[in-house]
Amino acid sequence: MGLSTASVYPQNAEAAFRYAAELGYDGVELMVWAEAASQSISAVQTLSRTYDVPVLAVHAPCLLISQRVWGADPVAKLTRSVRAAETFGASTVVVHPPFRWQRRYAMGFAEQVRELEDNSAVAVAVENMFPMRADTLFGRGEKSVQRLQRRGGPGPGLTAFSPSYDPTDTGFRHYTLDLSHTATAGTDALALAARMGGNLVHLHLADGRGAAHDEHLVPGEGTQPCAEVCATLARKGFAGQAVAEINTQNARTTQERAAMLARTLAFAREHLGGGVRPTPTPPRADHV
């Protein structure tokens, strides 16, 4: 069971390694974004050694807020993410589908993912996303939750991703299932997990209520079938990674943040049958 370094924001990557060590997580998923330490291979390796916490996965810098991290070319950034994962001994790179305006990247994305996986032991696990909902204009909080519940889905919207926010529409060898994104998209999480099938190798464990924004609640605090998804994966012999990717920005103290992270870990241990402990790929000696 891993901890996403994004889960401790606004604290930094070092705090994530420290929480992981203190709470008993098996490792971290490194979110590569604006924080300088997250972009430095040597800095991350130092944190990993200091806290004796391995990097299990790398989240490529593909968020809107990280469009200039590691350069402006998304093709080069995805390749660099895989090389970083190899260096860390991480088995997975998490990546979002391309944005619609990234036309060259989008046209060659599926082929690039295949080529990277053909030449590396690292799985490039494409993540499910969500549409830009029109009801955001009428409020993003509790009222948007109620609107989704009344209509049985998110209502009108458009995708910022090409060709779709659902990666199974294209088809990839490996997928990441995010249970906060299914909430915002109004997607049936169990049905999506079934479509991903044995290609589902990475789980972002979080929750959501169906708000028009991505909530990343502690599992069990939203409407998503988190326990059922975990139980289904455990029953099918899931050998991938589960990673806590929750929003703790509203935590008023470090103790409150630690408690949220601890509840997420306990949920995973309970519903995944003790958690999953993937074997990392052999680390490379060079840097990127």
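Biologist: Which residue takes a positive phi just after helix 3?

Modeller: That residue is D52, where phi is about 55 degrees. Please note that this is a predicted model, in which local features need pLDDT of at least 70, side-chain atom pairs count only at pLDDT 80 or more, and totals for chains, interfaces and linings use all residues. Residues are numbered from 1 along each chain as its sequence is written, and side-chain values use heavy atoms, with hydrogens and water left out.

Biologist: How many helices and strands does the protein chain have?

Modeller: The protein chain has ten helices and ten strands. Helices (H or I, at least four residues) and strands (E, at least two) are DSSP runs, numbered from the N terminus.

Biologist: Back to helix 3, then. Which residues of helix 3 are buried?

Modeller: Helix 3 covers residues 41-51, and its buried residues are I41, V44, Q45, L47, S48 and Y51. Buried means under 20% relative accessible area, exposed over 50%, and partly exposed in between, with a 1.4 Å probe and protein chains only. Because the buried residues fall within an arc of 160 degrees when seen down the helix axis, they line one face of helix 3. The arc is that of the directions from the helix axis to the C-beta atoms. In general, an α-helix has 3.6 residues a turn, so residues three or four places apart point the same way.

Biologist: What is exposed on the other side of helix 3, and what do its buried residues pack against?

Modeller: R49 and T50 are exposed on the other side. The buried residues pack against helix 1, strand 2, helix 2 (36-39), strand 3 and helix 4.

Biologist: What share of the protein chain is buried?

Modeller: Buried residues make up 56% of the 288 residues. Of the contacts with a separation of 6 or more, 76% come from residues 24 or more positions apart; contact means heavy atoms within 4.5 Å.

Biologist: Now charges. How many salt bridges does the structure hold?

Modeller: The structure holds eight salt bridges. A salt bridge is a side-chain nitrogen of Lys or Arg within 4 Å of a carboxyl oxygen of Asp or Glu. One of them joins D26 and R269, at 3.4 Å from N to O. This pair links distant parts of the chain, with D26 in the loop between helix 1 (13-23) and strand 2 (27-31) and R269 in helix 10 (residues 254-271), 243 residues apart.

Biologist: Is D26 buried or exposed?

Modeller: D26 counts as buried because its relative accessibility is 15%.

Biologist: What does R195 pair with?

Modeller: R195 forms a salt bridge with D166, and the closest N and O atoms are 2.9 Å apart. R195 lies in helix 8 (residues 189-196) and D166 in the loop between strand 7 (157-158) and strand 8 (175-178), so this pair ties together parts that are 29 residues apart in sequence. D166 is buried at 12% relative accessibility, whereas R195 is partly exposed at 46%.

Biologist: Changing topic: how many disulfides are there?

Modeller: A search of the whole structure finds zero disulfides; a disulfide is a pair of cysteine sulfur atoms within 2.5 Å.

Biologist: Which peptide bonds are cis?

Modeller: Among them are the bond joining Y9 and P10, with omega about 15 degrees, and the bond from S162 to P163, with omega near 0 degrees. P10 is in the loop between strand 1 (2-4) and helix 1, and P163 is in the loop between strand 7 and strand 8.

Biologist: Where does W70 sit, and what is its phi?

Modeller: W70 is in the loop between strand 3 and helix 4. Its phi is near 60 degrees, a positive value in a residue other than glycine. W70 counts as buried, at 11% relative accessibility.
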